[in-house]
Amino acid sequence: MPDLRLLTVKVIEAKEVVACDKGKSSDPYCKIELLAADTGKSISGESFKTKTKKKTLAPKWEESFDFGKKGANLDSKSQPTFVLNMFDSDTFSSEDMGRVTIPLSSIDQTGVEVDRWYKLENTDKATNITGEVHLSFKYSAGLLTAMPIDMNSPPMGVEDGDPVGKPNEVHVLLIRATGIKVMDKNLLSKGGSSDPMMTFSFGGDEKQKSSVKKKNLAPVWEEKFKFNVSSDQATLTCVMDDYDMGSGNDFMGQFSIPLAGLSDKKEVRKWFELEEADGNTTHDIGSVLLAIKWIHNPDLISPVDKPVDYNDPAWDDCKDHDMEKEPNELNVFILKAYKLKMMDKNLLSKGGSTDGMFTMTWGEEKHKTKVVKKNLNPEYYEKFSFGMRSNAGKLLVVCDDYDMGSGNDYIGQVNIDMANLADRKELRAWYPLADKEDKVGADIGHVLISLRWVFNPERLSPVDQPLDWNNPKFDCEDVLDDGQGTPELPNELNIYLIKAYGLQIMDKNMFSKGGSSDPVVSFKIGDEVVKSTVKKKTLAPEWNEKFSLPVKSEEATLEVIVDDYDMASGNDLMGSFKILLADAKDRQEHRAWYPLAGEDGVVGADIGHVLLAFKWIHNPNRLSPMDLPPDYSNPPFPDLGFLDDYNKAPNEVQLFLIKGWGLKVMDKNMFSKGGSSDPMVTFFMGDEKQKSKVVKKNLNPEWNANFTFPVKSDQAVIKAICDDYDMASGNDEMGRFEIPVSSLASREEYRAWYPLTGEDGVLGADIGGILVGARWVHNPERVSPVDAPIDWEDPPMEVVHTENEHGFPPNQLGVTLIRAYGLKIMDSNMFSKGGSSDPLVTFELKQTGGKPKKSTTKKKDLNPIWKEHFAWQIEEERRFSDTLVVTVDDYDMASGNDFIGKFEIPLNDLNDCVERREWHALGGEDLVVNADIGSVLLAIRLVHNPDYAPEVESEEEPEPEIIELTPLQKRIQKCTENMGGESLNLSKLQLQDIPEEVNALTALKAINLRGNNMGTIRSDLFTFLPSLAVMNLSLNAFSYVPDNIGQLSKLTRIVLSDNQLSSLPIDLFAMPKLSELYAERNFIRELPKGMSVALNMVKLMLAGNQLTFIPDEVGEMPSLQMFDVRNNPINEAEMTIPVRKIYDSTVLHVSKSNRRGLVSRALTVRKLVEENRERQLRLFAEQEKAARRAEKEKAKSPKKGKR
């Protein structure tokens, strides 16, 4: 057995660790262990402990430990996680000093030693951790799956016999495996081994097996196999088992290789990952190195590989009688088969034969060929025909081995898609036989079949005759208007069931061929159903019966179901079809033959047609209170108990449940028609629900009850369900409706009838409606800390942004978890109302991965305060695409944590390196914010940390022949080599314009030009950058927005902060995809007219300008979510109500009551911004002075001329 792959970890030293003892010292020791990649649990036997170093904050250990000897599988592609926990040794207990967590997959896997310092992180019990620990890692050998594959060792030694010939032979070279499971565990010690073997098959009876490698977890085979396979639909299945002669083999894993990817006849040699039997790939259970090649072997050429001869024999008697008419007949010509599977083996010698026959099935119609005895290559030359008006289905052709005594034995089948016959030409081809799941594996035979779809006049039926619209005549009166020109909407669907033709035989005769059916037709819209009479023993029934269903929505669908009536055993489905009410909105009669579809809803074989007429009309007799405008004064909306302050954001929805009308009968009378219901309504907002009283035995109930829900988000939706109350058997749903909070944005009462829908939310037949009044208001009693101004200094963030002349991008994400408020109760009190929760917060980067970071748990607290700090190193490509997921759970040691809520923050929003500190409302698993289940106050910022990327790299003396690249060339080289040519950083290069070298970067999507001296952009630049989506022009000298930016049709984000802009052009707002515009700290005095054309604008950031007025058009921007107008001299008294709502809906402004002068009580702005602001003011003053001097010089020049 090969040597195990080991990992040597050396714990060298630590520095600046936290002091735990009174003497400002510690007695540190380390415990190191490996955690399983799939479970995250400690691997038994793979943990070690260092010695304790007394009274020191800079301990030195120099101790080495070997992992991989007692249970950890380090040959696996999915490496475990290394965890170091440092403790302060004490007589009775140990105190946490920090933790280091390192996924071993991030460590060099080739065997090169990795030596570096790692920062100690906080733990659940200790949050003020400091210091670093020095570690080294080295594997005893490289990870096989990560090493380059030698394509020639061992050689496959197979050549293709004909470069243009069709491949027909598969060659497999099984080389080795690694990282496989331990199946035979040691009895008296840890660890164990396996006896692996491989089995290869193409799904048939032919299987080939490798040798067994005893007691080996890294077996080497170098064994060859070959199969005769010509179908590109075939798939090679490779199964690894642990060999056991006594109890049978145990499954270890499998993988599949479709031949469709090998048709180029090139060798494929790679590592294939083993999967579980159910296809699960989440757990790494080993990999197999295998080479495979599909070649053409001239010795295996068969009739199947040759071009099909349409003249051997010709199909002259198959005629299409009229190409102008729709085809109605499928013709099938079974010619012959080749190399059928041997089913009847010889008793006393090798070989055997088959008695092949074929059965064709189209719908309910079947035809069979003759039986050809004892022949593996039978010939039939038999012709068949089927009635076929639609080519939507598939013709099933089944091959059996005929056996009169024991019954036929299944060989294989072909499912031929009839869509290929649309051109009405003959289609002749060899079809490989597949299994019952239509999977083609090893060759079990081919069948040569010709098909053609034609028109045959002998198959014409009443369905093909012109419709007689007057026989019978469909009389139903439609009222189009109210007599005064006001249109009346349709409310009733009238149906005329005329007749059917060609229905299926469902009741077969016992002693003769043929049979009949007892058809009955049901018409269904939603839960409303009407039925025709039953027509006994007929396949062409006539009804001439009329029906009507109440329906107002064109979204409804009429479902027509034809059954064979059977009182004893229940009805049997004969077919069905659907009619969309949208097709009837022209209010005209529609009359047609409708083909019946099978249970799958597909119209395939001809199983009958139904002649039907229908018309959607307005029937005045079906008018109800729901059709009248609601009366807002009867009854009036209940008194709020307070005045709604329109200057403050709404925080509560008030519902007034008034009455219902035309509800469904749920409790039917036992001895007479009709019945009643006991309706009640339940309103849902997230997990919170409130119920109305039950109104007994009433289909038109009145409640006049009001309900309130805390709601701040206009994305919320209030859901309501109307039930029929039943104490014994449980409530029965009568219908449901929804009230979007966005419909209440006017802050006035909105009263409407809400029609009830089915459980699927589809509005079908009328099943009643509910009258509800609703208002979205500001309730001062619901004001919370979430609504108060945010303190930007309590606490300050730990991360610090470092800027310099090199223009390094952000590489660290800092998060300060401050507090939460109003969290959902997860642990209810047992004997009283109320309860509490034990919240903890988890932070996880979607793409970067790694172990999630967790806060401490705050016991029994719905308004917890943390003030804890977290940080991540961010790779440059991730800062545009990654997302921080923040999840709040209720901690529970016994049963596991319970989800409270979550939200996400895209890192792309943070690339300006400005701190965001705001409340985040918790959403559900789908991130949708409905009911108020709590909010989290978070500070977050992307910064540049020189510890992760030193600002000035140490440069060795260059060799004479090496040409030193300019800073610009280095940046462009980094863009092309590391960023795929998509992201370019040209910040702080003192550029006057964008250099022409950028023209070649045609795939560029993001460019950073921050901190240069640019005031213009050359006119032809953007013709070379058609894909540019993000542009940062901040901290430059632009006095106007360059005109040519309008050429960037894909631009989604532009940063113009810290320039000298006095206005923004309307062309900028008209850009089709622009969603984020940053223009902070300029001199903008007003916004352009027509800015509401910015349909996709999500963020408009205008802090630190000279705006005194916000136009109403801001309220007309449909996608706007964040509007930042901090530090502007805005006159709040001139604001209109729509603008005021937007102004108040964001925390990114300073209200009038908090303002002293212009910005005296404004939110704190970072020092760098203030410095930039001062620089701009000085520059502006200098420009004004220069302009005045120029005017004076100009004024003096004429006087000089006169002299």
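Helices (H or I, at least four residues) and strands (E, at least two) are taken as DSSP runs, numbered from the N terminus. The structure is a predicted model, in which local features need pLDDT of at least 70 and side-chain atom pairs count only at pLDDT 80 or more, while totals for chains, interfaces and linings use all residues. Residues are numbered from 1 along each chain as its sequence is written, and side-chain values use heavy atoms, with hydrogens and water left out.

Helix α5 (residues 1167–1202) contains Lys1185. This lysine is partly exposed, with a relative accessible area of 46%; buried denotes under 20%, exposed over 50% and partly exposed the range in between (1.4 Å probe, protein chains only).

Aromatic pairs were assigned to rings of Phe, Tyr and Trp (its six-membered ring) with centres within 6.5 Å, planes under 30 degrees apart counting as stacked, over 60 as edge-to-face and the rest as tilted. The count by this rule is 19 aromatic pairs. Trp315 and Phe333 form a tilted pair, because their ring centres are 5.4 Å apart and their planes stand at 45°. Trp315 belongs to the loop between β18 (287–295) and β19 (329–338) and Phe333 to strand β19, so the pair ties together parts 18 residues apart in sequence. Trp315 and Phe333 are both buried.

A tilted arrangement is also found for Phe474 and Tyr496, with ring centres 5.3 Å apart and planes at 45°. Here Phe474 lies in the loop between β28 (446–454) and β29 (492–501) and Tyr496 in strand β29, so parts 22 residues apart in sequence are tied together. Phe474 counts as buried at 9% relative accessibility, as does Tyr496 at 6%.
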